[in-house]
Amino acid sequence: MNVTVLDRAVARETRVSGAGATATLRGIRKRFGTHEVLQGIDLDIPAGQFVAIVGRSGCGKSTLLRLIAGLDQPSAGRIAVDGQENAWKDVVRLMFQEPRLLPWQRVVANVEVGLTHAESRTERRREAQDVLAQVGLAGRERDWPAVLSGGQKQRVALARALASHPRLLAFDEPLGALDALTRIEMQDLIERVWQEKGFTAIVVTHDVTEAVALADRILVLDGGHVAMDVAVDLPRPRRRGDPQAAAIEGRILDRLLQR
Amino acid sequence: MKRILPWIVPVLVLLAWQAAAQAGWIRPQVMPAPSAVAEAAWRLSRSGELWANIEVSAWRALAGFAIGGGIGFAFGMANGLSALSETLTDSTLQMVRNIPHLALIPLVILWFGIDEEAKLFLVALGVFFPIYVNTLHGVRSVDTQLLEMGRAYGMSERALFLRVVLPGALPSIFVGLRYGLGIMWLTLIVAETISASSGIGYMAMNAREFMMVDVVVFSILVYAALGKLADSIARLLERVCLAWNPVYAKG
């Protein structure tokens, strides 16, 4: 094996196992017109943690996620990923609420959108096929996105995000539009790839059950602040309907519904 | 059976027409029998006159379309992508659009005489606007969510254009293309009929001078066939280029 190949292999290894990135937020504010959605958020997210952000609609949870993903700029405050205040875009990927696949590109080409680092065309194709297999879509490479179901489209979107080996993967209610069973399947899939790849995961969701099923830590956003910071210290894989999980869920719901 | 059904009425009309002409109910100076038209077609294609004229007309049509369509596409893209370019040129173009291009024929004859330039100019001008308007609309209606996705994934401006903007605008561009093809033939027919020394329109006007009604009718049919051919090619292109879109994939 010559040296460059070895380097490349090592580079991929570090990208794959590369563990998660830390995220540090200090005094984050975001204003739209006169309305201040986020009023000073301070957060430390350690590498590899699975964080869920819940809150009522309009509480700014998606806004916060977009700031972390670098899609918008905060009105005030600083964000650092892995200690870097700039140039973290390649480290972070956002999975949108909608799949946002290019309808004019076949499934495999859509995954290749995430493969900006791959050297050659054949390598891109091979990597894209690998990732598709990981999300359970082997054999669907040549399909048009239009023929896929909603859940399959989100799987392709997940494959696209994974293909770029993110060290922090942000999810903006990616399962909101899916039916109940497909949701559970997708949750299991997300948990599995998170455990395999070790990236830091931040999921925004309005579904408290989903948050408790997936996350190590749940942040409740209310009035532009982090109103609650709950550790979910339950063993994985978590069984749905677990009484301890139900207790945590109840506490969070009480806070959200002001009971 | 399903395939034959749509053809029954046209065939009956053709038969009735032939019978009426043979019975002497329709004077041949007004409308020649279908067989006479077919004879004229045979005569003209044997002598090579037909092919020479089709070649001249097709060249005018395609060259004018390429020039007008190319400029329309370029302006549509530029104005769709750049606000500055749009502010500078769009209102001017919209003003010019309100002039019926066929109204310029007297002026065009004064400028270019009855040479090739006159026809190219008219066809190009006629084709320009449908292509321009639809390209601009296509670029504008590209899904902003996809643009954001592309940027978030670090696509360069070039990649963004080639992978997101252009394919996203393509369905609308095809609408402009097919509309432009219709205008292309219409303009050419008018231009060739009024002033030309070759081409299908010239063939028809020349035949009129000698009262060869069969050739006139045949020329009209040739125009129809050429128009249909152009539209079929555009449809085929649409099916190939828009195969991803379930609306076009089936047709």
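**Briefing: a predicted two-chain model**

Of the 107 residues in the largest nonpolar core, the members that touch the most others are A:Ile53, A:Ile68, A:Val111, A:Ala159 and A:Ala170. A nonpolar core is here a set of buried Ala, Val, Leu, Ile, Met, Phe, Trp, Tyr and Cys residues joined through C-beta atoms within 7 Å. A residue is buried if 20 or more other C-beta atoms lie within 10 Å of its own, exposed if 12 or fewer, and partly exposed in between, with C-beta atoms placed from the backbone. This is a predicted model, in which local features need pLDDT of at least 70 and side-chain atom pairs count only at pLDDT 80 or more, while totals for chains, interfaces and linings use all residues. Residues are numbered from 1 along each chain as its sequence is written, and chains are lettered from A and ligands numbered from 1 in the order in which they are written.

- Leaving aside residues up to four places away in sequence, A:Ala170 touches A:Leu65, A:Ile68, A:Ala69, A:Val92, A:Leu94, A:Met95 and A:Ile202. Contact requires C-beta atoms, placed from the backbone, to lie within 7 Å.
- A second, separate core has nine residues, among them B:Ala40, B:Leu50, B:Ala204 and B:Phe218.

**The sheet of chain A**

- Six strands of chain A form an open sheet with mixed pairing, in the order 5-6-7-3-8-9; two strands pair if DSSP finds at least two bridges between them.
- Strand 5 (92-95) and strand 9 (225-231) of chain A stand at the edges with a single partner strand each, so one side of each has no neighbour in the sheet.
- From one strand to the next, the twist averages 20°.
- Helix 2 (residues 61-68) of chain A packs on the sheet, and its direction makes about 150° with that of strand 7 of chain A. Axes are lines fitted to C-alpha atoms, for helices over the stretch in contact, and angles run from 0 to 180 degrees between N-to-C directions.
- Strand 3 (residues 50-54) and strand 7 (residues 200-204) of chain A pair in the parallel sense over four bridges, and A:Ile53 stands opposite A:Val204.
- Strand 3 of chain A also pairs with strand 8 of chain A in the parallel sense over four bridges, where A:Val54 stands opposite A:Val220.
- Strands 8 and 9 of chain A run antiparallel and are joined by six bridges; A:Val220 has A:Met228 as its bridge partner in strand 9.

**Contact between the chains**

- 13 residues of chain B are in contact with 16 residues of chain A.
- On the side of chain B that touches chain A, helix 7 of chain B gives the most, with five residues.

**Backbone details**

- A cis peptide bond, with omega about -5°, joins A:Arg236 and A:Pro237.
- A:Asp82 has a positive phi near 55° and lies in the loop between strand 4 (76-81) and strand 5 of chain A.
- B:Met211, with phi near 60°, is exposed, having 11 other C-beta atoms within 10 Å.

Technical notes. Two residues are in contact if their C-beta atoms, placed from the backbone, lie within 7 Å. Helices (H or I, at least four residues) and strands (E, at least two) are DSSP runs, numbered from the N terminus.
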